Amino acid sequence: PQVRQQQQQHPPPPPQQGHSMNMMASHEYGPSSSQGYQMEAVTQSQREISIGSEPSAQEASSFWWNNSSQELPETTTLPAGPQQPRSLHSLAMPDELWRHYRDVAMESRRELPPADPRHKAVPPSFTLAFPLDVNNNNGLKRSSFGYPSSVFRVMSQQDGCLYCLRRFDNVRSVSHKIAMQVTEQWKSAFIQPQQQVPPHSSMPRRLLDHPALVGLEQCFVAQHRAVFFLHSYIRGARTLRDVFFAPATNGRLIRAPLPEPWIWSIATQLVSAIRVVHTATHPLACRTIHLNHILLTTPLSSSALSGNQQQHQDGRHLSVHINCIGVVDALEFEARKSMTDLKQQDIRDFGHVLLALATGTELTPPPTSGANGGPGNLQHLNGTATYEASLGRCEAFIRQHYSRELHALIMSMCTISNSVTNGNVNNNPTIHDVARVFFASRAFDELDATTVSMDRLSTALSREYESGRALRLMLKLAFINERPEFGMANERWSESGDAYILKLFRDYGRCNVCV
């Protein structure tokens, strides 16, 4: 009776809304619920505090600790239930992807020895030079552009970024004014508004920002009439000739025939790049669509070339880039050619690249015959007959091993007539006609492959986030636990107090990760 009288004089405070709901749930589901047991303990402690005149500090802290714990499930973002143990492998990216980025990083840090004479070929404003044309040891190799050239990966002293520096010697037709004009022509070109993504964007997108184009940074003349082209450096990139045509096979395909999805993937990315170049705000043409000027940023492994057609589990897929943008524009600046002819030549070269990938035969169309007769015309006729015979054999091979769509695409671009001899360019298909007729459905396949690749790379990135978070946590704990290098008198100071709690937590995290 005395206790009941005290309860009437000092009634307990009303419970919070969350607690009343939990108490209702405990009465509804009975005492078998764990939440009901916990709420009964909280209510009992609350009742004991309210009976006395003044609760002790330990009782008050115990009450508020139990009281605040009821709000945890509503505010925390951790998943409920027992946590599954995670292995060390689950905190890092896949092994194949990790090896790829390791090799790319090691390749990007290579440089020439200090005593190498090839350092003289690089302007003093660039450092960390390393030759990208490995077979060119003396720098006098004649390139496909007709001049002795050398290619280096360099680091600019102005911004510290890596670039690809291409040098051409003995060029007399390029002046400082021409170099600046070509650079400005490409860097000031933008994609047409109807080609932008999103379509109604107020900010125009630069042409060289297209993912399938290697950007031209600068073109300048220095060091005794040597012309330099500075392009963006794409780490780990190789040309299509180096990937699919090995020197040991005498210029033949490593694996013939190539899988048709690979060819369609390369063709879809190339047609996207050619389309934005031909429809840019300035009249431009690529003029470098060849096997040795198209880069592949994801080199295929030996298992893929030997017959495994499955997509890599690490998420990488084929990605191509048109290189040497603006080189032909500067070297052949004085040659007055029609822009229509140059665009038709791009489409014809595009068809011959796909023809070489499908058949392993690299064909070069014969030049246009001269206006006058004589031996020049005879040479042209002989070259045309040889070219047509080889093209017929390649057509039969494509018809036998590939689909009708790919056969029609390659042959329609390889058989484009020359505007000089035909006199009517309206019959030749444009890049828009090619994209609309042949790539209407294939573009969705490439979009799906790109989305899958992005999802897998995002998963690998999330694993690296967890790995970096664990590393930062271990480094923070290492600053507290076991530091005898600071001359502390007691080397076992972390065996007691708060330091011991952190040591136990470190061992707990390390054991859970390494299991």
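A residue counts as buried when its relative accessible area is under 20%. The model discussed here is predicted.

**Cysteines**

By that cut-off Cys 164 is buried, because its relative accessibility is 7%. Cys 324 is buried as well, with a relative accessible area of 0%. A disulfide needs two cysteine sulfur atoms within 2.5 Å. The closest cysteine sulfur to that of Cys 164 belongs to Cys 324, and at 7.4 Å it is too far for a bond.

**Buried residues compared**

| Residue | Relative accessibility |
|---|---|
| Cys 164 | 7% |
| Cys 324 | 0% |
| His 407 | 16% |

**His 407**

His 407 sits in helix α14, which spans residues 404-414. Its relative accessibility is 16%, so His 407 is buried too. Which residues does His 407 contact, leaving aside neighbours within four places in sequence? They are Glu 395, Ile 398 and Arg 399.

**Nonpolar cores**

The largest nonpolar core holds 77 residues. The members touching the most others are Trp 186, Leu 207, Leu 240, Phe 244, Phe 350, Leu 357 and Leu 409. Helix α9, residues 260-278, supplies the largest share of this core, with 11 residues. A second core is separate and has 13 residues. Its members include Ala 121, Phe 126, Ala 129 and Ala 226.

Key:
Residues numbered from 1 in each chain as written. Predicted model: local features only at pLDDT ≥ 70, side-chain atom pairs only at ≥ 80, totals over all residues. Heavy atoms only, no water. Core = buried A, V, L, I, M, F, W, Y, C linked by side-chain atoms within 4.5 Å. Buried < 20%, exposed > 50% of the residue type's maximum accessible area, 1.4 Å probe, protein only. Helix = DSSP H or I, 4+ residues; strand = E, 2+ residues; numbered from the N terminus. Contact = heavy atoms within 4.5 Å.
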